[in-house]
Amino acid sequence: MLESGAGRAGMRCRQLAVALGLEAVPAKAVGLRAKTKRLVERGWAHQLRPGAFTALAVPAA
């Protein structure tokens, strides 16, 4: 599970890359941004504002 102080503000792709253990370089952030936008389209994530993403709450089973 990713822990962050971002809370309701969401995470920028560069922050997300670092949290996932990737390098904080533009190439990684661009690739991650494309993947995150696909998650938004599929309903798994929410884009709060341009460039800031957050995961949707998953109900407990």
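## T36 and its surroundings

Leaving aside residues up to four places away in sequence, T36 touches C13, L16 and F53 (contact means heavy atoms within 4.5 Å). This is a predicted model, in which local features need pLDDT of at least 70, side-chain atom pairs count only at pLDDT 80 or more, and totals for chains, interfaces and linings use all residues. Residues are numbered from 1 along each chain as its sequence is written, and side-chain values use heavy atoms, with hydrogens and water left out.

- T36 is part of helix α2, residues 26-41 (helices are DSSP runs of H or I with at least four residues, strands are runs of E with at least two, and both are numbered from the N terminus).
- With a relative accessible area of 5%, T36 is buried (buried means under 20% relative accessible area, exposed over 50%, and partly exposed in between, using a 1.4 Å probe and protein chains only).
- A polar atom of the T36 side chain lies 2.6 Å from the backbone oxygen of L32.

**The helix around it**

- Just after α2, G43 takes a positive phi of about 85°.

- Three strands form an open sheet in the order β1-β3-β2, with antiparallel pairing (two strands pair if DSSP finds at least two bridges between them).
- β1 (11-12) and β2 stand at the edges with a single partner strand each, so one side of each has no neighbour in the sheet.
- α2 packs on this sheet, touching β2 and β3, and its direction makes about 110° with that of β2 (axes are lines fitted to C-alpha atoms, for helices over the stretch in contact, and angles run from 0 to 180 degrees between N-to-C directions).
- Four bridges join β2 (residues 45-49) to β3, and Q47 stands opposite F53 in β3.
- β2 and β3 make a hairpin with two residues between them, and G51 in the turn has a positive phi of about 90°.
- Two bridges join β1 to β3, where R12 stands opposite A52.

Key
Polar contact = N/O pair within 3.5 Å; in protein donor to acceptor, adjacent residues only side chain to side chain.
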